[in-house]
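User: I am new to this structure and would like to understand the terms used for it. Could you take me through them, setting each value against its definition?

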Amino acid sequence: MYNVSNLMKQAQKMQEDAARADQELLDRRISATSGGGAVTAVVNGKKDLIGLSIQADFDLGDAEMAADLVVAAVREAQAEADRQADEIMKKVTAGMPHIPGLG
């Protein structure tokens, strides 16, 4: 049988750790490039786009290609943000017992 008091303490600690992790993700800056570095996208750990830069000497003659490069850089930065968020959340939930019926 589970010790309810101990389980509640663990749940409270996990909640506090999750709040810290959430703030860490908001503060984190993750960048990715495309087009050989011509386009750089920066997202936070929550995958919000917070910056986008295009090199001044990049030829924007083909708008469709430029748009594709922007999308590629943003998607790569967001994918890395997902990977980093997964790592952080695994640390938050480490050690919590598996309770049958709760997932």
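User: Which residue is the bridge partner of Val42 in β3?

Analyst: In this model, which is a predicted one, the bridge partner of Val42 in β3 is Gly51.

User: What makes β2 and β3 a pair of strands?

Analyst: Two strands pair if at least two bridges are found between them, and five bridges join β2 to β3, so these two strands, which run antiparallel, count as a pair.

User: Why are β1 and β3 called edge strands?

Analyst: The sheet is an open one of three strands in the order β1-β2-β3, with antiparallel pairing. Its edge strands are β1 (29-34) and β3, each of which pairs on one side only. From one strand to the next, the twist averages 15°.

User: What packs on the sheet?

Analyst: The helix α2 packs on the sheet, where α2 touches β1, β2 and β3, and the direction of α2 makes about 145° with that of β1.

User: How do you know that the span of α2 is close to what is expected?

Analyst: The helix α2 has 31 residues and reaches 45 Å from its first C-alpha to its last, which is close to the 45 Å expected at 1.5 Å a residue.

User: What covers the buried residues of α2?

Analyst: The cover includes α1 (4-27), β1, β2 and β3, and among the buried residues of α2 are Ala66, Leu69, Ala73 and Val74.

User: Which residues make up the largest nonpolar core?

Analyst: This core has eight residues, namely Ala38, Val39, Ala41, Phe58, Ala66, Leu69, Ala73 and Val74. Two or more residues come from each of β2 (39-44) and α2, and α2 gives the most, with four residues. Phe58, leaving out residues up to four places away in sequence, touches Ala38, Met65, Ala66 and Leu69.

User: Why is Gln55 called partly exposed?

Analyst: Buried means under 20% relative accessible area and exposed means over 50%; Gln55 has 41%, so Gln55 falls in between and is called partly exposed. The place of Gln55 is in the loop between β3 (49-54) and α2 (63-93).

User: What makes the approach of Gln55 to Gly37 a polar contact?

Analyst: A polar atom of the Gln55 side chain lies 3.3 Å from the backbone oxygen of Gly37, and because the cut-off is 3.5 Å, this distance is within the limit for a polar contact. Beyond its neighbours within four places in sequence, Gln55 is in contact with Gly37 and Ala38.

Technical notes:
Residues are numbered from 1 along each chain as its sequence is written. This is a predicted model: local features need pLDDT of at least 70, side-chain atom pairs count only at pLDDT 80 or more; totals for chains, interfaces and linings use all residues. Side-chain values use heavy atoms; hydrogens and water are left out. Buried means under 20% relative accessible area, exposed over 50%, partly exposed in between (1.4 Å probe, protein chains only). Contact means heavy atoms within 4.5 Å. A polar contact is a pair of N or O atoms within 3.5 Å; within protein, one must be able to donate a hydrogen and the other to accept it, and residues adjacent in sequence count only if both atoms are side-chain atoms. A nonpolar core is a set of buried Ala, Val, Leu, Ile, Met, Phe, Trp, Tyr and Cys residues joined through side-chain atoms within 4.5 Å. Axes are lines fitted to C-alpha atoms, for helices over the stretch in contact, and angles run from 0 to 180 degrees between N-to-C directions. The expected span of a helix is 1.5 Å times one less than its number of residues.
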